Amino acid sequence: YRIEGVTCNHCKDRIETHLLRLKNVNKVNVDVARNEIIVEGDKIYDEFVKKVVDGLGYYYVGEVSEMV
């Protein structure tokens, strides 16, 4: 997923911690330099990822495949 507003490791840790609380999420990696989140698991719903990211004060831009 593409995101904006993540500028440091504290931001990265907050997003990873909150996304790992979602049902069916097994692994999360936020890449601050690339403004991307990689979420691994079964049946991950984009709207839930968006809600978490936006709710923490960052900006969900969309899926990486949508940006190409």
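Is C11 buried or exposed? C11 is buried, at 8% relative accessible area. Buried means under 20%, exposed over 50%, and partly exposed in between, with a 1.4 Å probe and protein chains only.

## Basis

This is a predicted model, where local features need pLDDT of at least 70, side-chain atom pairs count only at pLDDT 80 or more, and totals for chains, interfaces and linings use all residues. Residues are numbered from 1 along each chain as its sequence is written, and side-chain values use heavy atoms, leaving out hydrogens and water.

## Cysteines

There are 0 disulfides, a disulfide being a pair of cysteine sulfur atoms within 2.5 Å. C8 is in no disulfide; its nearest cysteine sulfur, in C11, lies 3.4 Å away. That distance is too far for a bond. C8 is partly exposed, with a relative accessible area of 32%.

## Fold

The protein has 3 helices and 4 strands. These are DSSP runs (helices H or I, at least four residues; strands E, at least two), numbered from the N terminus. Their order along the sequence is β-α-β-β-α-β-α. Of the 68 residues, 31% are buried.

## Core

The largest nonpolar core holds 17 residues; I15, L19 and I37 touch the most other members. Such a core is a set of buried Ala, Val, Leu, Ile, Met, Phe, Trp, Tyr and Cys residues joined through side-chain atoms within 4.5 Å. Two or more residues each come from α1 (9–19), β2 (25–31), β3 (36–41) and α2 (46–55).

Beyond its neighbours within four places in sequence, I15 contacts I3, V6, V30, I37, L56 and Y58. Contact means heavy atoms within 4.5 Å.
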